[in-house]
Amino acid sequence: MTRSVDIAPLDEALTFARTKAEDGERLIAVRSYQEGQIIGVDLSALLTSASEDAIDLIHRLGQDAIRAFVQAAKEEVEVSSDQLGLPIRLGNQNIGVGTNYAEHAAESTVVGSPFLFPKIVQPTAWDAPIAAGDALLDYEVELCLVPLQDLIPGSPVSGGLILGNDVTDRAVLLRNVDIADPQSGKGFTSGKSGPNYMPMGDLFVVPRNLTSFIGRLTLHLSVNGQVRQHAAATDWIWDLDEIVRQCRLKRDVRWAYWGGEARLAVAEDGAIPTRTVIMAGTPAGTVFHGVPTKDRVMGALAWLLSGRKKPLIAHVIERHIKSARAAKTYLQPGDRVDIRVDRLGCLSNRIVASL
């Protein structure tokens, strides 16, 4: 797939890309992204060290100074988008939101409000492979907010935007979820925190006006060229302000995570640290559409025949996992998941048997 993305005008947003270290790492202010080619201004001369990224540069110089440098630049560079890596440094303490789009909540048969969970995984580049293994592997296109500085209570919600794929192992999630209370988020951290389960987009965009910029974004995901998800970013239930508010309310909550516990990346004073990825949820179109009636019936029959030694729901879930694997309903080795959002960038992740 040849990638092309509309880039926001400089007076609306700063758009950053960074080349991979093996290609000679460079920080670029992107002006154009067409037919797999990035054209922009090399910002390397502004950096004080090779480790500095766009967030460091904004901290040190400010957005206006960077914008003025780009506007005054007489020379441009051109690089293949294949050379791009993660545009900024990110950590592994991230925040996810479940069922934040009404149609996705309906297709997942989850009734009630959105909910939060920690996603404990190191983000990878836009083209990182994802291992299927024995997982029921699912995809989720997500708009993500990355604070440029700690989000302090009382200050406006602000930051840069990046695309993400909230990869999920539905088998692990279903085996650990609280069916009676899915809004608890139980099971979501374990099911969404596998290796390479968080590829991020190839661009980092810092808008002048976050709200108006997001209002123009349409999320789009396809699998092997077939469109699966397509929705306006603002079709959400909780906007970014509400997500941040909810994070602070849940800062003392603990989620089960592979026998241990995890918490949201929120400090005791309610601050959300810079570089935390806040994933805003996914629209309808995921592979998971609830547990089919046939699996419920066959699971109930297996429960009766087993002498009711395990809970009924455990038999239903195992029946669904078994039938989904046999039907190859979920992502399989050789599949490719593509995400593309104008003004925000691309991802293209190949599914492999193992890493």
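User: What makes β5 and strand β6 a pair?

Analyst: This is a predicted model. In it, six bridges link β5 to β6 (residues 115–120), in the antiparallel sense. Two strands pair if there are at least two bridges between them, so six bridges qualify. Within this pairing, Q93 stands opposite I120 in β6.

User: Why is β5 called largely enclosed?

Analyst: Strand β5 covers residues 93–98, and five of its six residues are buried, so the rest of the structure largely encloses it.

User: Why is V223 called buried?

Analyst: The relative accessibility of V223 is 3%. Buried means under 20%, so V223 counts as buried.

User: Where is V223, and what is it in contact with?

Analyst: V223 sits in strand β13. Setting aside neighbours within four places in sequence, V223 is in contact with Y139, R228, L331, D335, R336 and V337. Q63 is 160 residues from V223 along the chain, and the C-alpha atoms of the two are 37 Å apart.

User: How do you know that β13 pairs with β14?

Analyst: Six bridges join β13 (residues 218–223) to β14, and the two run antiparallel. The cut-off is at least two bridges, so β13 and β14 pair.

User: What makes β14 an edge strand?

Analyst: β14 (226–232) pairs on one side only, as does the other edge strand, β7 (130–131). They belong to an open sheet of five strands, in the order β7-β19-β18-β13-β14, with mixed pairing.

User: Is M298 buried, partly exposed or exposed, and why?

Analyst: M298 has a relative accessible area of 32%. Buried is under 20% and exposed is over 50%, so 32% makes M298 partly exposed. M298 lies in helix α8 (residues 293–305).

User: Which residues of helix α1 are buried, and what covers them?

Analyst: In α1 (residues 54–61), the buried residues are A54, I55, D56, L57 and I58. Their cover includes β1 (13–18), β2 (27–34), α2 (63–72), β9 (141–146) and β12 (204–207).

Definitions and conventions:
Residues numbered from 1 in each chain as written. Predicted model: local features only at pLDDT ≥ 70, side-chain atom pairs only at ≥ 80, totals over all residues. Heavy atoms only, no water. Helix = DSSP H or I, 4+ residues; strand = E, 2+ residues; numbered from the N terminus. Buried < 20%, exposed > 50% of the residue type's maximum accessible area, 1.4 Å probe, protein only. Contact = heavy atoms within 4.5 Å.
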